[in-house]
Amino acid sequence: MSTKIPTNSARRIGTVGICGIVAFWLDNRGVMAQTLDIGIRIELVSMDRHFHDISLGLYRLDGADGAEFLVHSYSRLAGVAGRLAFVAGAMKTMGGLVAAENGRLRFPCGREHNRGVRRVFLDICKLDPGEPPAARELNVFDQKAAATVTVTSYDNGRYTFAADEDADKAAARAGAIARGIVKLAETTLEDDTTVSFDCGHGHDVLVAQLLPRATNVRAAVREQETAASRGVLAAPSQQE
Ligand SMILES: [Zn+2]
C-alpha cells in the first residue's frame with residue numbers, strides 16, 4: 001500500500017502543476033502581448049539582492065534611431081517601478097546613456113555597444129541604492145603598476161592610456177588596461193595604448209565606468225560568462 005503514496009503524490013503534483021501553468025497563462029495573457037514590445041533580453045540579474053531577490057533584465061529593442069534598451073522585471077511586487085527607475089537613472093549617470101521614448105534608453109550614437117552596456121547594467125544592480133549614482137573620472141589606480149593610469153579622450157571616439165610613472169611596468173600596465181577596454185567595450189586597438197570606438201563617437205562616461213574592471217579583465221569576463229550561463233540554464237522557477 002505504501003507504494004501507492006508516491007504515485008498519488010506524483011499525480012497530485014502533476015495536477016497542481018498543470019493548474020499552475022493554466023493559471024499562469026490566464027494571468028499573463030496581457031504580459032505575453034507585452035513581451036513583443038520589450039525586445040530581446042541581453043543581460044539578467046536573476047536575484048536582485050537590493051530589492052527582494054527579484055530578477056531584473058536588460059532588454060534590447062530596435063528603435064527608430066538605432067538600438068534602445070529597457071530595464072524590466074516581471075515581478076509585481078510593490079515598489080518595483082521605483083527600483084527599475086533607479087537602475088535606469090544610474091544607466092544614464094554611470095553609463096552615458098540618454099532617454100529614448102517610452103522610458104527606454106539609448107546611447108547618443110545609436111549603437112548597441114552590447115558588452116559595455118551589459119557590464120554597466122550588472123555593476124549598477126550591485127550598487128547600494130542608498131548612495132546616489134555618480135559618474136567616475138577617466139583615471140584608475142592600478143595596484144600592479146602602483147601607478148595611476150589616466151585616459152585622455154580625443155575626437156571621433158579615440159582614447160589614449162598613460163601611467164603617471166615612467167617605469168616599464170607602468171607603461172605595460174597602461175597597455176594592458178587599454179586592451180581591457182577593448183574587451184569590455186568592444187573598441188578597436190589602434191596601437192599599444194590607443195583604442196577607438198567604431199561608431200566614431202566619444203563614450204567618456206562608459207569608458208570611465210569600465211576602467212576599474214579593465215585592470216582585471218579576466219575576472220570581469222569570467223563573472224559575465226557565469227551570469228550569462230545562469231540566465232540561459234535556469235528557468236524562472238529555478239532561479240535562486
Ligand atoms: Zn557609440
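What percentage of the contacts in the protein chain with a separation of 6 or more is accounted for by residues 24 or more positions apart? The share is 57%, where a contact means two C-beta atoms, placed from the backbone, within 7 Å. Keep in mind that this is a predicted model: local features need pLDDT of at least 70, side-chain atom pairs count only at pLDDT 80 or more, and totals for chains, interfaces and linings use all residues. Residues are numbered from 1 along each chain as its sequence is written.

**View 1. The whole chain at a glance.** The protein chain has six helices and ten strands; these are DSSP runs numbered from the N terminus (helices are H or I with at least four residues, strands are E with at least two). Of its 240 residues, 31% are buried. Here, buried means 20 or more other C-beta atoms within 10 Å of a residue's own, exposed means 12 or fewer, and partly exposed is in between.

**View 2. Inside the largest nonpolar core.** This core has 47 residues. Such a core is a set of buried Ala, Val, Leu, Ile, Met, Phe, Trp, Tyr and Cys residues joined through C-beta atoms within 7 Å. Val-87, Met-91, Ile-124, Ile-177, Ile-181, Val-207 and Leu-210 have the most contacts inside the core. At least three core residues come from each of domain 1 (3-134) and domain 2 (139-226), with bounds from an automatic or database domain assignment.

**View 3. Zooming in on Ile-124.** Leaving out residues up to four places away in sequence, Ile-124 touches Val-87, Ala-90, Met-91 and Met-94.

**View 4. H4 meets H5.** The axes of H4 and helix H5 (residues 204-214) come within 9 Å and cross at roughly 115°. That makes the two helices roughly perpendicular, a label for angles of 65 to 115 degrees (under 35 is roughly parallel, over 145 roughly antiparallel, the rest oblique). Axes are lines fitted to C-alpha atoms, for helices over the stretch in contact, and angles run from 0 to 180 degrees between N-to-C directions. On the H4 side, the contact includes Ile-177, Gly-180 and Ile-181, and on the H5 side Leu-206, Val-207 and Leu-210.

**View 5. H5 and its other partner, H3.** Eight of the eleven residues of H5 are buried, so H5 is largely enclosed by the rest of the structure. Among them are Gln-209 and Arg-213. The axes of helix H3 (residues 114-126) and H5 come within 10 Å and cross at roughly 70°. Gly-116, Arg-119 and Val-120 of H3 make the contact with Leu-206, Gln-209, Leu-210 and Arg-213 of H5.
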